[in-house]
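This report describes the secondary structure, surface and salt bridges of one protein model. The sequence and coordinates are shown first.

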Amino acid sequence: MGGHGGLNILPQKRWNVYNFDNREKVRKDEEAAAKEEQLKRDTEFRIEQLRQARGRRLINPPPRFQPPLHWLRRRPSRS
């Protein structure tokens, strides 16, 4: 057990970040995620174009704010 290195077991681990196969797997996963994200953005852009072509901004617009009735009631004066 001489020397200054200690145990060198990292190359045997499957989670070794310096392993070429692991780096290649990460690269492929990142490419797939980027393609999926781009497809999602393209789809949303196309849907928005179609909505604008129909003359609508949103198919189901959010409801307008309506205050609760107790906000609208006048309080009796305390005089």
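Which residue forms a salt bridge with Arg27, the closest N and O atoms being 2.5 Å apart? The partner is Glu31, where a salt bridge is a side-chain nitrogen of Lys or Arg within 4 Å of a carboxyl oxygen of Asp or Glu.

## Basis of the model

The model is predicted: local features need pLDDT of at least 70, side-chain atom pairs count only at pLDDT 80 or more, and totals for chains, interfaces and linings use all residues. Residues are numbered from 1 along each chain as its sequence is written, and side-chain values use heavy atoms, with hydrogens and water left out.

## Secondary structure

The protein has 2 helices and 0 strands, taken as DSSP runs numbered from the N terminus (helices H or I, at least four residues; strands E, at least two). Helix H1 covers residues 20-54.

Just after H1, Gly55 has a positive phi of about 90°.

UniProt, in an unreviewed entry, lists residues 14-48 as "domain: CBF1-interacting co-repressor CIR N-terminal"; such annotations may be inferred rather than shown by experiment. Over this range the chain is 83% helix and 0% strand.

## Surface

Of the 79 residues, 1% are buried (buried is under 20% relative accessible area, exposed over 50%, partly exposed in between, with a 1.4 Å probe and protein chains only). The accessible surface comes to about 8700 Å², and carbon and sulfur atoms account for 54% of that surface; areas come from the Shrake-Rupley method with a 1.4 Å probe.

Leu10, Trp15, Val17 and Tyr18 make a nonpolar surface patch of about 490 Å². Patch residues have over 30% relative accessible area and no salt bridge, nonpolar side chains being joined within 5 Å and like charges within 9 Å. Tyr18 lies in the segment before H1 and is exposed, at 63%.

## Salt bridges along H1

The whole structure contains 3 salt bridges. Arg27 also pairs with Glu24, at 2.3 Å between the closest N and O atoms; these two residues are 3 apart in H1, so about one helical turn separates them. Arg27 is partly exposed at 36% relative accessibility, as is Glu24 at 22%.

Arg41 and Glu37 meet in a salt bridge at 3.8 Å, N to O, and are 4 residues apart in H1. Through shared partners, salt bridges join Glu24, Arg27 and Glu31 into one network.
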